[in-house]
Amino acid sequence: MHRFARTTLALSMLLCPAADVTAQDSLDLLITGGRVYDGRGGPAREAAVGIRGDRMVFVGPVPAGATAKRRIDARGKVVTPGFIDPHTHAYEGLPRLSAERRKNLSSIMQGITTVVLGADGRGPYDVTKVLEASQAAGLGTNTYALVGFGTVRGKVMGNSSAPATAEQLAQMRALIAQAMQEGAYGVGSGLFYVPQTYAATDEVLSVVSAATPFGGVYDTHQRDESSYSIGLLASTREAIRIGCESGLTSNIGHIKALGVDVWGKADSVLDIMRAARARGCKVVGDQYPWTASGTGLSASLMPRWAEAGGRDSLRARASDPAQRARILADMREHLRRRGGDSTLLLIDGNAKAAPYIGKTLKQVADAAGTPAVETALDLVLRGIDMGVASFNMTEADIETFMRDEFIMTSSDGSDGHPRLYATYPRKIRRYVLDKPVITMERMVASASGQVAATYGLTDRGELRAGAFADVLVFDPMAIREEATYTEPRKLASGMDWVIVNGVPAVADGRATGALAGRALRKR
């Protein structure tokens, strides 16, 4: 049994004794006949799950005489906690999303019942306002927030590449503290992205440490997952230092070895993390099971120095012959790291991007008759900075990270990439059943109980009496990813029941349209 499983099992037994269900009790839902994975890492067992209101009242034998308004026959199927996605962009834009988007079917149909808001440093600092408005409008999935280092730095400093002054540090720290007081579960950063990339380590540490009195997680898209700047290994050490010295848990978001220069370095990254834990630091990671990352065309190729000050400053630099030559030279090197122009698939963008979607950068450049980097720069300068799927990871590294007991499951779901719709079915199908790389119990724990324990999501992520009734019922042989890189918005199949806070969001394989999710706040 994993150390994670032993720890969470002991805690749940101390904190949540079994509920007393008598013959006079009426249940709202009773799930029987399934193989239950409780989310703590243990093997499956045969048990029934009784739900009343928004909570589970028992997981085990059905008490004599208990009745239920609705019974679910789970024979031949598995029953698990709802999955918790700790790194996704599924709800980016809350609370302004349409009613249809707020259902979050891309997540629901793959078994995700709880999502994060604010990955990559984009979370709100006005947490109360955002969560209250979102709850009032309705949520398909539970949602918890990270305050964004990028949001805070952008508010105080704009796109400036200058070091923060003492006054600016104080302003950023105040915004972080405010968000934590309002219920954020930690701080998110994206040091790869403008303007966050301009912040030196000590600046990030100073700002993030405003969250120290509240506890929580420092979740980061680290500064370099490849060899762009300080390199993958140095970047991993930086991420751990920020978490460790601030007293927060370091979570390395969508952990990977990206690009030809760092292929085969997964073991080295994990060794750095193990050494930090041996020193007493709290270090984890999350991962999606795809060989292609997803980002913007500009983010993947444009040198950060050229983007300082915003789009107008970039245009001015690109119009100067000497600076343009330097920009293109840096872009060629970035393209090399990613494996060349045929590895960048253009997947999403505004209306201007429509003619290019579904084509590789090579195809677009060949059609234009210009070199790949000049084609890309032209697109960015014209305001067509679309998303790209960048095929720059290896199966060997993915599997190495996946086997580590401190790596959770996430989607990094963003529009235009199939991971938004298909990550969890893909991992079950490909890495649990077909290969396999990990066991079903490990998969379930990495996607539920382990995430809840890491972030402090109280009474979520486990099947036990007293916990919130976020529950899945599915046939593992039927679950399928349907989305592809060319058809990225196809809903996953195979989830028979997805229950959110006791309410079926999927019933007999069909979405109900329920908005039973809740805005969660750390207390």
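Predicted model: local features only at pLDDT ≥ 70, side-chain atom pairs only at ≥ 80, totals over all residues.
**Entry 1**

I began with the strands. Six of them form an open sheet, and I wrote down the order as β11-β12-β13-β14-β15-β19, with parallel pairing. Which strands stand at the edges? I found β11 (147-148) and β19 (407-409) there. Each has a single partner strand, so one side of each is left without a neighbour in the sheet.

Next I looked at one pairing in detail. Strand β14, residues 249-252, pairs with strand β15, residues 283-287, in the parallel sense over three bridges. Within this stretch, Asn251 stands opposite Val284 in β15.

Helix α9 (residues 266-278) lies across β14, β15 and β19. Its direction is at about 150° to β15.

**Entry 2: the disulfide**

I then turned to the cysteines. How many disulfides does the structure hold? I noted one. Its partners are Cys244 and Cys281, with their sulfur atoms 2.1 Å apart. The torsion about the S-S bond is about -75°, so I logged this disulfide as left-handed.

The pair links distant parts of the chain: Cys244 belongs to helix α8, while Cys281 sits in the loop between α9 and β15, 37 residues apart. Are these cysteines buried or exposed? Cys244 comes out as partly exposed, at 33% relative accessibility. Cys281 is buried, with a relative accessible area of 8%.

**Entry 3: aromatic pairs**

A search of the whole structure gave me seven aromatic pairs. I picked out Tyr144 and Tyr455, a tilted pair at 5.3 Å centre to centre with 55° between the planes. Where do the two residues lie? I placed Tyr144 in strand β10 (residues 142-145) and Tyr455 in helix α19 (residues 449-455). The pair therefore ties together parts that are 311 residues apart in sequence.

I checked the burial of both rings. Tyr144 is buried, with a relative accessible area of 0%. Tyr455 counts as buried too, at 1% relative accessibility.

Another pair I wrote down is Phe192 with Tyr228, which is edge-to-face: 5.4 Å centre to centre and 75° between the planes. This pair also links distant parts of the chain, 36 residues apart. Phe192 is in the loop between β12 (186-190) and α7 (201-208), and Tyr228 is in the loop between β13 (217-221) and α8 (232-246). I found both Phe192 and Tyr228 buried.

Going back to Tyr144, I saw that ring pairs link Tyr144, Tyr185 and Tyr455 into a cluster.

**Entry 4: charges over rings**

Tyr228 came up again when I looked at arginines. The charged end of Arg337 sits over the ring of Tyr228, 5.3 Å from the ring centre. I also noted Arg326, whose charged end sits over the ring of Trp305 at 3.8 Å from its centre.

**Entry 5: Ala505**

Ala505 is found in strand β22, residues 503-507. Ala505 counts as buried, at 4% relative accessibility.

What is Ala505 in contact with, leaving aside neighbours within four places in sequence? My list includes Ile108, Val498, Ile499 and Val500. Arg510, Ala511, Thr512, Gly513 and Ala514 are also among the contacts of Ala505.

Notes: Residues numbered from 1 in each chain as written. Heavy atoms only, no water. Pairing = 2+ DSSP bridges. Helix = DSSP H or I, 4+ residues; strand = E, 2+ residues; numbered from the N terminus. Contact = heavy atoms within 4.5 Å. Axes fitted to C-alpha atoms, helices over the stretch in contact; angles between N-to-C directions. Phe/Tyr/Trp six-rings, centres within 6.5 Å; stacked < 30°, edge-to-face > 60°. Buried < 20%, exposed > 50% of the residue type's maximum accessible area, 1.4 Å probe, protein only. Lys NZ or Arg CZ within 6 Å of the ring centre and 35° of its normal. Disulfide = S-S within 2.5 Å.
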